[in-house]
Amino acid sequence: MNTLPKHGWQVHSLNRPMAWIGVMLLSMLVAVGLARWSGLDPRMPDAAVQWQRDLQFRDLPNGDIAVLDVSTGQQVAQFSGEQGFLRSTLRALARERQRENLGKEAPFLLIGRTDGRMTLQDPSTGQRIDLESFGPSNAAVFASLRLAGYKTP
């Protein structure tokens with residue numbers, strides 16, 4: 001036995017809210033499309049460079065990672081153990097170099113900005129990783145390299 005009324009299924013009460021939802025979604029899509037088409041860049045511009053250090057990272061036979069200062073050629077730090085964030089960050093940048101058939105010799109730039117942010121950049125591929133995006137404890141791994149190897153009086 002059919003329980004629906006004979007004059008048809010009534011959805012009149014749902015028409016108005018559904019129409020408003022549809023209008024809102026469509027207007028958001030149009031706004032985003034216009035913003036992208038006009039060339040609007042949602043990212044904030046980078047603050048000025050406060051300091052920069054050119055570093056090379058090398059895998060050692062025992063599994064450690066050696067960090068070399070390119071200007072002096074001296075090893076300034078060595079990381080042992082898992083070092084998950086350091087390894088995954090370097091792996092991501094190395095993967096892009098491998099994809100573009102580039103060597104491992106070019107240094108990475110560790111850049112500190114006037115607003116306190118840090119960036120690890122690969123000038124050979126143009127790739128960059130904004131380190132503060134991964135939290136203060138992960139950024140601190142790279143922050144320790146700012147003065148690593150410098151002698152303090």
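This is a predicted model: local features need pLDDT of at least 70, side-chain atom pairs count only at pLDDT 80 or more; totals for chains, interfaces and linings use all residues.

Q: Which residues lie nearest the centre of the largest pocket?
A: The largest pocket has a volume of about 510 Å³. Of its 16 lining residues, those nearest the centre are F57, D59, L90, A94 and K104.

Q: Which element gives the most residues to the lining of the largest pocket?
A: Two elements give two or more residues to this lining, β1 (49-59) and α2 (84-99). With six residues, the element that gives the most is α2.

Q: How many charged residues are in the lining of the second largest pocket?
A: The second largest pocket holds about 280 Å³ of space. It is lined by 13 residues, and R43, M44, D46, R128 and D130 are the ones nearest its centre. Three lining residues are nonpolar and one is polar, while the charged ones number nine.

Q: Which element supplies the largest share of the largest nonpolar core?
A: This core has 23 residues. At least two residues each come from β1, β2 (65-69), β3 (75-79), α2, β4 (108-113), β5 (118-121) and α3 (136-143). The largest share is four residues, and it comes from α2.

Q: Which residues does F57 touch, leaving aside those up to four places away in sequence?
A: F57 is one of the residues that touch the most other members of the largest nonpolar core, along with L131, F142 and L145. F57 is also among the residues nearest the centre of the largest pocket. Contact here means heavy atoms within 4.5 Å. By that cut-off, F57 touches I65, A66, V67, L86, L90, F108, F142 and L145.

Q: In what order do the elements of the protein run from the N terminus?
A: The secondary structure comes to three helices and six strands. From the N terminus on, the order is α-β-β-β-α-β-β-β-α.

Q: What share of the contacts with a separation of 6 or more joins residues 24 or more positions apart?
A: The count takes in contacts in the protein with a separation of 6 or more. Within that set, residues 24 or more positions apart account for 47%.

Q: What percentage of the residues count as buried?
A: The accessible surface comes to about 11,300 Å², and 58% of it belongs to carbon and sulfur atoms. Buried means under 20% relative accessible area. Of the 153 residues, the part that counts as buried is 27%.

Methods: Residues are numbered from 1 along each chain as its sequence is written. Side-chain values use heavy atoms; hydrogens and water are left out. Buried means under 20% relative accessible area, exposed over 50%, partly exposed in between (1.4 Å probe, protein chains only). Accessible areas come from the Shrake-Rupley method with a 1.4 Å probe; for residues, only the protein chains shown count as cover. On a 1 Å grid over the protein atoms alone, a cavity is a set of points where a 1.4 Å probe fits but cannot get out, and a pocket is an open set with protein on both sides within 12 Å along at least five of seven lines; lining residues have an atom within 4 Å of a point. Grid points are joined across faces, edges and corners, and a volume is the space filled by probe spheres set on the points. Ala, Val, Leu, Ile, Met, Phe, Trp, Tyr, Cys and Pro count as nonpolar, Asp, Glu, Lys and Arg as charged, and the others, Gly among them, as polar. A nonpolar core is a set of buried Ala, Val, Leu, Ile, Met, Phe, Trp, Tyr and Cys residues joined through side-chain atoms within 4.5 Å.
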